[in-house]
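Subject: Structure handover

Hello,

Here is the structure I promised to pass on. Please look through it with the notes below beside you.

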Amino acid sequence: MYADTETIRRILTGTGDTWAVVGLSDNRSRAAYGVADVLQRFGKRVVPVHPRAERVHGEDGYASLAEIPFPVDVVDVFVNSGLAGAVADEAVAIGASAVWFQLGVIDEKAYERTRAAGLDMVMDRCPAIEIPALDG
């Protein structure tokens with residue numbers, strides 16, 4: 001309902017290769033860590049965004065999207081639904097091309113605002129599941 005196959009394909013193959021992963025820390029037991037690893041294996045640059053600004057998967061971390069000193073193509077959101085809308089608004093503000101809300105992250109108003117701002121958006125899906133399925 002919140003993403004069609006073409007939007008998913010466009011984000012994963014054509015939007016760009018720099019993904020800011022909001023909620024990514026060096027905690028290997030968290031889903032964000034594993035998803036970021038998959039994204040890297042498929043050629044994406046993964047930028048950790050977490051209050052602790054930790055270095056993860058060989059990339060420097062930042063405490064917020066606004067602190068990233070280079071363009072970001074996709075903002076992948078691993079925060080709870082109550083915080084996700086603010087992250088989507090930040091993604092619009094930094095000029096990202098797309099926002100991806102992970103499985104279980106749902107904010108319909110943020111989805112509407114983000115789409116109205118001209119960004120592609122996927123909600124309640126996982127790129128680590130979707131990207132390997134593109135060829136299959």
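**Fold and overall shape**

The chain's secondary structure comes to five helices and five strands. Helices are DSSP runs of H or I with at least four residues, strands are runs of E with at least two, and numbering starts at the N terminus. The order from the N terminus is α-β-α-β-β-α-β-α-β-α.

Two points on provenance. This is a predicted model, in which local features need pLDDT of at least 70 and side-chain atom pairs count only at pLDDT 80 or more, while totals for chains, interfaces and linings use all residues. Residues are numbered from 1 along each chain as its sequence is written, and side-chain values use heavy atoms, with hydrogens and water left out.

Along the principal axes, the C-alpha atoms fill a box of roughly 35 × 35 × 25 Å.

Of the contacts between residues at least 6 apart in sequence, 58% join residues at least 24 apart. Contact means heavy atoms within 4.5 Å.

**Surface and charge**

The chain exposes about 6500 Å², and carbon and sulfur atoms supply 48% of that. Areas come from the Shrake-Rupley method with a 1.4 Å probe; for residues, only the protein chains shown count as cover. Buried residues make up 50% of the 136. Buried means under 20% relative accessible area, exposed over 50%, and partly exposed in between.

There are 13 positive and 20 negative side chains, and the centres of the two sets lie 2 Å apart. Lys and Arg count as positive, Asp and Glu as negative; His and the chain ends are not counted. Each charge is placed at NZ of Lys, CZ of Arg, CG of Asp or CD of Glu.

**Cores**

The largest nonpolar core has 25 residues. Leu65, Ile68, Val75, Val77, Val99 and Phe101 have the most contacts inside it. A nonpolar core is a set of buried Ala, Val, Leu, Ile, Met, Phe, Trp, Tyr and Cys residues joined through side-chain atoms within 4.5 Å. At least two residues come from each of β1 (18–22), β2 (45–49), β3 (74–77), α3 (81–94), β4 (98–101) and α4 (108–116). The largest share, four residues, is from α3. Apart from this core lies another, of 23 residues, including Ala3, Leu24, Val74 and Ile131.

Beyond four places in sequence, Val99 contacts Val75, Val77, Ala88, Ala91, Thr114, Leu119, Asp120, Met121 and Val122.

Val47 sits in strand β2. Val47 counts as buried because its relative accessibility is 0%. With neighbours within four places left aside, its contacts include Trp19, Val21, Tyr62, Ile68 and Phe70.

**The loop between β2 and β3**

Ala53 is not a glycine, yet its phi is positive, about 45 degrees. Ala53 lies in the loop between β2 and β3. At 32% relative accessibility, Ala53 is partly exposed. His57 is in the loop between β2 and β3, with a positive phi near 50 degrees.

Tyr33, in helix α2 (residues 31–41), touches Val56 and His57, among others. Tyr33 is buried, at 14% relative accessibility.

Best wishes

Note on methods
Buried means under 20% relative accessible area, exposed over 50%, partly exposed in between (1.4 Å probe, protein chains only).
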